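Have the viewer at hand and follow along.

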Amino acid sequence: RRAADRYYRERQDREDLELTVQEFYAREAKSTTDFHRDLASLPFRLCVSASPDSLMLTAFQEAKKSPFQEAKKSPQKGHYSFKQTSAAGLSSPTSDKPLVYYLFGHYEDPRSLVLTEGDLVEFLVSIVRGVPPIPDQVRSVLADPGASFLFLGFGFQNWYLRVLLQVMNVYGHRSKAIA
């Protein structure tokens, strides 16, 4: 976010910034890492990602439903857009059909991206107000005290993460339920 914010301050062109970010992530859209593959082999129903990349989604697409089956997982993706309601048709996530949810937007929808410090403030206001709302499919997993889910790419030292966890009703889970 710092690099994007600096880029924006120097050029004062949001559209140029969005296109640059979109092109950057699109170049590696079908790649992943061993780390992401290892995570995808676990039975998570929900992965909330702080990054607009597709590394986790690709890893889930490559992952088998179980070590004893050849069938692949069928992940779904969704993203939050602090500027408009996202019309993604999501189903309830399962370990065979996990949901990768891009909380700070996804590169395929550049207007959804939280790129600058100003965007972060607008995003937090939107999340706290619930306008637009986080989809029910995400909120139901987050609110389930027995559910295990994965937060990927979040710096837990960031003050605003504590606000997000509170607003998304994550507190109250068993300590081992959140990775």
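**Fold and overall shape**

I read the elements along the sequence and got the pattern α-α-α-β-α-β-β-α-α-β-α. That makes 7 helices and 4 strands, where helices (H or I, at least four residues) and strands (E, at least two) are DSSP runs numbered from the N terminus.

A note on provenance: this is a predicted model, where local features need pLDDT of at least 70 and side-chain atom pairs count only at pLDDT 80 or more, while totals for chains, interfaces and linings use all residues. Residues are numbered from 1 along each chain as its sequence is written, and side-chain values use heavy atoms, with hydrogens and water left out.

I checked the radius of gyration next, taken over C-alpha atoms, with a globule rule of 2.2 Å times the number of residues to the power 0.38. For 179 residues a compact globule would come near 16 Å, and the protein has 16 Å, so the two agree. Along the principal axes, the C-alpha atoms fill a box of roughly 55 × 35 × 30 Å.

Then I looked at contacts (heavy atoms within 4.5 Å). Of those with a separation of 6 or more, 68% are between residues 24 or more positions apart.

**Burial**

I sorted residues by relative accessible area: buried is under 20%, exposed over 50%, partly exposed in between, with a 1.4 Å probe and protein chains only. Buried residues make up 46% of the 179.

Which residues of α4 are buried? I found L55, M56, L57, T58, A59 and F60. Helix α4 (residues 55-62) is largely enclosed by the rest of the structure, because 6 of its 8 residues are buried. Its buried residues pack against α3 (34-40), β1 (46-49), β2 (76-79), β3 and β4 (150-152).

**Aromatic rings**

I searched the whole structure and found 8 aromatic pairs. Rings of Phe, Tyr and Trp (its six-membered ring) pair if their centres lie within 6.5 Å; planes under 30 degrees apart count as stacked, over 60 as edge-to-face and the rest as tilted.

One of the pairs is F104 with F123, tilted, at 4.8 Å centre to centre and 45° between the planes. F104 sits in the loop between β3 (99-102) and α5 (117-129) and F123 in helix α5, so this pair ties together parts 19 residues apart in sequence. Both F104 and F123 are buried.

F149 and F151 have ring centres 5.7 Å apart and planes at 70°, so I logged them as edge-to-face. F149 and F151 are buried too. I then noted one aromatic cluster, formed by Y80, F104, F123, F149, F151 and F154.

Most residues other than glycine have a negative phi, and most peptide bonds are trans. Q12 lies in the loop between α1 (2-11) and α2 (14-26) and is exposed, with a relative accessible area of 53%.

I also flagged the cis peptide bond joining V131 and P132, with omega about -5°. P132 is in the loop between α5 and α6 (136-143).

**Location of V163**

My last entry was a quick look at V163, which lies in helix α7. At 31% relative accessibility, V163 counts as partly exposed.
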